[in-house]
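Hi there,

Here is the structure I promised to pass on. My notes on what turned up follow just below it.

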Amino acid sequence: MRRSALHLTRRTFFGALAAAAGTTALSGCGALGIDTPPGQTGEALRSERPLPRPYEVPLPRPRTARPTGTLTLPDGTIADLYEITQRAAEVEILPGVRTTVWGYDGTFPGPALETRTGRPVVVRHRNELPVPTVTHLHGGHTPADSDGWPLDLLLPAGAAPPQHHGMPGDLAVGSRDHHYPMTQRAATLWYHDHRMDFTGPDVHRGLLGLHLVRDDVEDALPLPRGDREIPLVLCDRSFDADGRLAYPSLDRSLRRVPGVEAAWMEGVLGDVVLVNGAPWPVAEVDAARHRLRILNGANARRFSLAFQVPGAPDLPVIQIGSDGGLLAAPVERPTVDLAPGERCDVVVDLGRVPVGTEVTVVNLPGTGPTRDVLRFRVVRAARDDSAVPAVLSEIDPLVPGPVRREFVFRRGAIGDHAGWTINDRSFDPDGSLADVPLGTTETWRFRTDVHHPVHVHLDPVQVLARGGRGPGPSDAGWKDTVDLRPGEIVDVAVRFTDFAGRFVLHCHNLEHEDMAMMATIRTVPGA
Ligand code: C2O
Ligand code: CU
Ligand code: CU
């Protein structure tokens with residue numbers, strides 16, 4: 001049968017790519033403990049180590065990447081060049097414990113890029129890992145050949161490219177240049193691995209980082225900045241008895257057999273919540289407004305964050321932006337709700353509480369250790385000139401034309417294996433689920449069985465309706481990842497521009513994505 005043949009092809013393909021470097025044993029083996037937490041699509045992997053006490057490790061800030069030079073592009077424009085090496089490194093995540101990660105420049109999360117609208121950049125990725133990788137800029141308005149289509153593999157430096165691999169995709173060996181024109185507004189983007197079948201374990205080992213785009217519109221606003229603009233990359237991990245990252249891959253070499261053990265097919269949740277790579281950290285802050293740029297970088301965990309103050313009501317959160325940058329106007333929210341892949345940009349006024357107060361950010365659906373996230377300790381009075389203006393940016397509504405498409409996200413079969421499908425099809429590298437003309441606005445309807453955060457590459461979308469009503473609280477502004485709750489129907493307006501080629505639409509629960517809940521969308525020149 002065709003699909004199982006495809007599945008076999010994939011295995012053979014990755015077998016052929018076995019790289020020069022030796023095997024790495026990162027994951028814990030043996031009997032892995034499992035928990036089924038409420039409010040999540042996924043199962044929690046229980047750590048074998050005693051967990052650290054929350055709110056003792058200081059909140060780290062991701063290092064900012066600096067350009068290493070400039071390049072003149074074929075059209076004469078100048079681009080800033082960034083160079084990133086993907087490599088294994090030992091880092092301290094749990095206090096006093098060394099853990100091997102796969103990191104961009106060996107860090108977890110990777111270095112944060114800060115780029116400007118209108119200033120093109122080239123990011124040169126070098127692969128010194130033992131497996132092929134693919135790098136995607138999530139939220140990037142990016143030409144197809146730089147987007148990180150899941151078979152555009154970057155083979156490890158020194159690997160011999162297979163002669164007849166028989167699979168589509170553009171292979172590179174050692175390094176690949178990604179061209180990002182940065183013709184997009186200020187926003188919180190992120191980059192991460194996107195290798196077909198192995199995105200979940202690759203990201204779990206550390207291949208993710210932030211990419212902030214700035215522009216003059218945003219810079220002109222009196223929002224909190226400098227030390228009071230804090231990026232927060234959330235994720236969750238589990239650790240084995242030796243302090244290694246534990247992940248229930250079927251194939252611990254991450255080369256041949258995709259997917260996770262059956263018990264975790266709904267998603268892999270960890271029992272240690274990490275913020276910027278640190279477990280349940282604490283940040284000492286001024287009594288002033290802070291801008292928090294929050295990314296849910298977890299494989300499968302969803303967050304609904306509340307800012308709790310002892311003996312007082314929760315602090316209100318002012319949402320100013322979402323996936324695709326600033327909202328038109330700020331909105332007060334009781335919580336920050338984030339499915340995997342989503343971003344939320346908020347201002348929280350930590351000047352409303354007395355100096356000495358500890359504000360604890362908790363994940364409301366969490367239980368036990370996964371209810372804790374991070375803490376702000378308000379340690380000093382300070383002057384605060386920041387403000388949240390009533391008008392933040394201009395957002396033109398997309399007006400859809402007559403074309404409608406429907407995408408159904410549900411459990412299904414990949415050949416004779418259990419997996420996840422879109423319109424009853426598992427990811428087919430040779431096919432396209434839709435050919436969409438550039439410049440045309442369409443209505444796409446998403447339907448689901450369980451939770452699926454649906455992500456569209458190339459351009460952000462606008463949510464038109466959710467569950468027969470208007471957009472929900474997590475739908476504001478330009479979105480590239482739209483969370484669907486069990487049984488829900490969401491309509492979005494989609495308009496692709498500029499770049500014809502191969503992109504993907506997929507579920508951002510990374511275990512679902514790896515188990516085939518992905519489709520190629522081809523953009524074609526408009527009429
Ligand atoms: Cu964040 Cu297709 O990915
Ligand atoms: Cu993406
Ligand atoms: Cu899913």
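For metal sites, donors are N, O and S atoms within 2.8 Å of the metal (3.2 Å for Na, K and Ca), and water is not among the atoms, so sites may look incomplete. The model is predicted: local features need pLDDT of at least 70, side-chain atom pairs count only at pLDDT 80 or more, and totals for chains, interfaces and linings use all residues. Residues are numbered from 1 along each chain as its sequence is written, chains are lettered from A and ligands numbered from 1 in the order in which they are written, and side-chain values use heavy atoms, without hydrogens and water.

The copper ion (ligand 2) is held by NE2 of His136 and NE2 of His455, at 1.9 Å. These two histidines sit 319 residues apart, in strands S8 and S32 (strands are DSSP E runs of at least two residues, helices H or I runs of at least four, numbered from the N terminus). Histidine 136 is buried at 1% relative accessibility, and histidine 455 at 0% (buried means under 20% relative accessible area, exposed over 50%, partly exposed in between; 1.4 Å probe, protein chains only).

There are 44 salt bridges in the whole structure (a side-chain nitrogen of Lys or Arg within 4 Å of a carboxyl oxygen of Asp or Glu). One of them pairs aspartate 219 with arginine 116 at 3.0 Å. Aspartate 219 belongs to helix H4 and arginine 116 to strand S6, so this contact ties together parts 103 residues apart in sequence.

Arginine 343 and aspartate 480 also form a salt bridge, at 2.7 Å. Arginine 343 is buried at 2%, as is aspartate 480 at 5%.

Happy browsing!
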